[in-house]
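Hello,

Here is the structure I said I would pass on. My notes on it follow below.

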Amino acid sequence: MKPEPQQAAKPCPRHGSGFIRIPGSETCIRIGGRATTGLDLRSREGDPASRLIAGGRLAVDTRTETGYGPVRTYVRIDAGQR
């Protein structure tokens, strides 16, 4: 049995850059994020010390039109050390 071909996601320009329509629905979604890394090197009286700095962010933004008007959900998760 052959699987059904996947429907490609289409852009949602009315909500802004980066939004795509979830196939089979009227909901538009944008997923974004970032990752950061670094190394903090310090020396006190000749003793070497170092610390790894790492962090990240994930953001999910959805928008859909309803009978009551537009509905938006937004979730942002920040994690890491500074």
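Cys-12 and Cys-28 are both buried, where buried means under 20% relative accessible area, exposed means over 50%, and partly exposed lies in between (1.4 Å probe, protein chains only). Before you read further, note that this is a predicted model: local features need pLDDT of at least 70, side-chain atom pairs count only at pLDDT 80 or more, and totals for chains, interfaces and linings use all residues. Residues are numbered from 1 along each chain as its sequence is written, and side-chain values use heavy atoms, with hydrogens and water left out.

The two cysteines are joined by a disulfide, with an S to S distance of 2.1 Å. A disulfide is counted here when a pair of cysteine sulfur atoms lies within 2.5 Å, and by this rule there is one. The pair links distant parts of the chain, 16 residues apart: Cys-12 sits in the loop between β1 (10-11) and β2 (20-21), and Cys-28 belongs to strand β3 (residues 28-44). The torsion about the S-S bond is about -80°, so the disulfide is left-handed.

The protein chain has five strands and zero helices. Both are DSSP runs numbered from the N terminus: helices are H or I with at least four residues, strands E with at least two.

Of the 82 residues in the protein chain, 15% count as buried. Its accessible surface is about 7000 Å², and 55% of that belongs to carbon and sulfur atoms; the areas come from the Shrake-Rupley method with a 1.4 Å probe, and for residues only the protein chains shown count as cover.

Regards
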